[in-house]
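Subject: Structure handover

Hello,

Here is the structure I said I would pass on. Please open it beside this email; my notes on the sheet and on one helix pair follow below.

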Amino acid sequence: MKDNFDRDIHYLRLSVTDKCNLRCIYCVPETGVPKKRHEDILTVEEINEIVQAAASCGIKKVRITGGEPLVRRGIIDICKFIAGADGISEVCLTTNGIALPEFASGLKAAGVNRLNISLDTLDRKTYNKITRTDLLEAALHGVDIAIKTGFDAIKINAVLIGGMNESDIWRLLDFTKKYKVDVRFIELMPIGECADWAKEKFVSSQIVLKTAPELVETGMQGVSKLYKFPDALGTVGLISPISSHFCPTCNRIRITADGILKPCLHSAEEINLRGLHGDALENVIKDAILGKPEKHKLCRGDRLPLTNHPPLEGKGRRNMNEIGG
Ligand code: SAM
């Protein structure tokens with residue numbers, strides 16, 4: 001359905017857990033994900049009811065995320081229900097790849113069309129620093145299995161972090177030459193763990209074009225500006241929420257693992273869906289879509305200097321593992 005700014009909102013990012021098997025420095029506290037009570041997290045039945053209600057409000061595409069969705073018990077059944085829900089035509093899942101050897105074929109059979117695999121670096125030392133784990137090989141094995149499983153599309157998402165993974169950009173770019181995989185470089189957003197980080201950590205996605213000036217621009221795909229190396233198998237995309245905001249084309253809402261609807265990632269506005277059923281649930285989702293802010297709080301002007309922003313405080317200050325990236 002259309003929101004008040006004539007945007008067609010048809011994309012739901014649904015977090016099914018806030019737990020993760022990695023502890024990325026910009027996403028999860030060093031001490032790990034704070035423990036939530038089992039009953040604080042949406043049950044499978046609640047997830048199903050919310051997705052069906054969202055579909056009745058015009059949601060067609062669902063991205064299952066977290067936390068790490070593959071550590072959620074019953075993830076295959078959750079995917080199967082969502083893929084079979086009336087009105088849902090596309091189901092994607094975002095993962096760090098570690099558990100893909102166990103789950104890839106089950107996900108495909110359950111109806112997951114596309115995978116996004118988060119991989120910020122191919123350098124082991126940098127990977128260990130970013131994720132606080134030594135699991136690069138497992139993640140790469142996950143990517144390999146995903147490619148062999150034959151999903152409609154596989155994207156590798158790399159968040160750019162100043163002083164950390166810039167020197168590894170070319171190795172990630174190389175993936176698109178060797179495999180039919182799309183690599184997306186994403187600007188780090190000042191959320192949760194990294195909200196107060198120094199300005200130098202926030203790198204413009206333009207750095208990718210400086211690394212590889214031979215990339216040829218080929219158009220847009222959603223919020224990604226696309227490029228390609230001549231004769232490459234996959235594309236390269238730049239996602240630039242900070243240096244060039246894309247609120248006018250935003251088409252999504254988010255629901256956290258504890259049942260909170262966030263109409264905008266960067267707004268403190270939150271609507272609790274738990275305990276709502278039937279028409280009441282649908283009406284609240286419709287109102288949330290209509291009430292989606294025109295621009296997020298990081299966009300005071302048309303183009304912001306990187307990180308000249310006020311971090312959210314209080315309950316709006318959630319980490320991405322809670323919101324669902
Ligand atoms: N565990 C899954 C994964 O690793 O893809 C799904 C959840 S994770 C929160 C989803 C995505 O959010 C990851 O690609 C991660 O890099 C990204 N992310 C987390 N915090 C971010 C931030 N502050 N700015 C930009 N992207 C962020």
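Predicted model: local features only at pLDDT ≥ 70, side-chain atom pairs only at ≥ 80, totals over all residues.

Q221 lies opposite S224 of strand 8. The two strands make a hairpin with 2 residues between them. In that turn, G222 has a positive phi of about 60°.

Parallel pairing occurs in the sheet as well: strand 6 (residues 182-187) and strand 9 (residues 236-239) are joined in that sense over 4 bridges. There, I186 has I239 of strand 9 as its bridge partner.

Now the helices. The axes of helix 3 (residues 100-110) and helix 5 (residues 136-149) come within 9 Å of each other and cross at roughly 25°. Angles under 35 degrees count as roughly parallel, so helix 3 is roughly parallel to helix 5. Their crossing is right-handed.

Helix 3 contributes L100, P101, A104, S105 and K108 to the contact, and helix 5 contributes H141, G142, I145, A146 and T149. By type, the contact residues are 5 nonpolar, 4 polar and 1 charged.

Regards

Note on methods
Residues numbered from 1 in each chain as written. Heavy atoms only, no water. Pairing = 2+ DSSP bridges. Axes fitted to C-alpha atoms, helices over the stretch in contact; angles between N-to-C directions. Parallel < 35°, antiparallel > 145°, perpendicular 65-115°, else oblique. Left-handed = near helix turned anticlockwise from the far one by under 90°. Contact = heavy atoms within 4.5 Å. Nonpolar A, V, L, I, M, F, W, Y, C, P; charged D, E, K, R; others polar.
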